[in-house]
Amino acid sequence: MLSTGALRAHLLAARLAGPVATTREDSLRSYRLFAARDPRATLGLDPEQEWDERALLGLMARRCGVSADPTHVDGPDVIDPRRTVEALDAFAERLAEAARRRWPVLIGTGHPHRLLGFYAGLADALSAAGCPVLTPAQGRSVDMVTGFGVRTHQLDYVRGVALVREPGGGVGGGVPGAHTHSPLPVRVALEAAARGGGVLPRLVIGDHGWVCGAGQLGIEAMGPADTNDPALFVGEAEGRISVAVPLDDAVRGEFYRPVARYVLNRARLSQ
């Protein structure tokens, strides 16, 4: 079993925490966009409170460990590994609860290039524990705004993990899918699950719009978030997201494997 100390060392060595690749400029830009209620930053969340840039910076300092100094405007951003470990422990507690109660679960990612393996490991373990891992709206079209205008993507599942594919990207389990922050894929999936009295997830696991979109609709949701993803931490602060894990979400995919092992061990779901 990976100890807390070994996990913390891995987080720092892999730059999942500590000084991360996300820049301070990028994080501050996201806080400005969120304060202006720009959908590129709110990710499907409709905040109940007023969040200006200073309030967001304070929240991110408390939850991630970024500098609270507004005059610090450049260089790499920082995630406190202690906060990451604490959030991963809370994440594992919710996984364990889902497994005990055999909740239906929906898992989706906007970072399939990086995080697909992490989520697939969770899907395998939850399925083995008796949780229905849902795959609604397989092959359904999702119209999303991109830098090239509105383009139709396709919802697909790989090892129980939802993602979207770009036009012409093919289906049937190949990777990778498209990078997206949009909440539209989870809305399409949930609509399909609800249609005709179907099974709705009791828990949604994912990132970006998958978590914020589900939390906004009142479904428990949790997942990792980088320093430039304030929406998940706002959702957590307002009680609509159960766990937001501060973590760089764009390092090499194999670096997330020890994180998945730690979480599954803590949840007593190791296979």
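Predicted model: local features only at pLDDT ≥ 70, side-chain atom pairs only at ≥ 80, totals over all residues.

Reader: Which helix is R8 found in?

Author: R8 is found in helix α1, which covers residues 4-13. Residues are numbered from 1 along each chain as its sequence is written, and side-chain values use heavy atoms, with hydrogens and water left out.

Back to R8. Its relative accessibility is 35%, so R8 counts as partly exposed. That label sits between buried, under 20% relative accessible area, and exposed, over 50% (1.4 Å probe, protein chains only). Leaving aside residues up to four places away in sequence, R8 touches P81 and R82; a contact here means heavy atoms within 4.5 Å. What about Q49? Q49 is 41 residues from R8 along the chain, and their C-alpha atoms are separated by 33 Å.

Now look at α5. This helix runs over residues 81-101, and it is among the elements covering the buried residues of α4. Those buried residues of α4 are L56, L57, L59, M60 and A61, and the cover includes α2 and α9 as well. The N-terminal end of α4 has a cap, D52: one of its side-chain oxygens lies 3.3 Å from the backbone nitrogen of R54. Just after α4 comes G65, with a positive phi of about 95°.

Helix α2 takes in residues 24-35, so count along with me: it has twelve residues, and it reaches 17 Å from its first C-alpha to its last. Its buried residues are R24, S27, L28, S30, Y31, L33 and F34. If you're looking for what covers them, α4 (53-63) is part of the answer, and so are β1 (18-23), α3 (39-42), β2 (76-79) and α9 (230-237). α2 is followed by R37, whose phi is positive, near 60°.

Here's a handy rule about phi: most residues other than glycine have a negative phi. With that in mind, find A137, which has a positive phi of about 65° although it is not a glycine. A137 is in the loop between α6 (112-128) and β4 (141-146). Its relative accessibility is 9%, so A137 counts as buried.

R159 also has a positive phi without being a glycine, at about 55°. You'll find R159 in the loop between β5 (149-158) and β6. R159 is exposed, because its relative accessible area is 52%.

One last stop is β6 itself. This strand covers residues 161-165, and R165 lies in it. R165 counts as buried because its relative accessibility is 3%.

Terms used. Helix = DSSP H or I, 4+ residues; strand = E, 2+ residues; numbered from the N terminus. Expected span 1.5 Å × (residues − 1). Polar contact = N/O pair within 3.5 Å; in protein donor to acceptor, adjacent residues only side chain to side chain.
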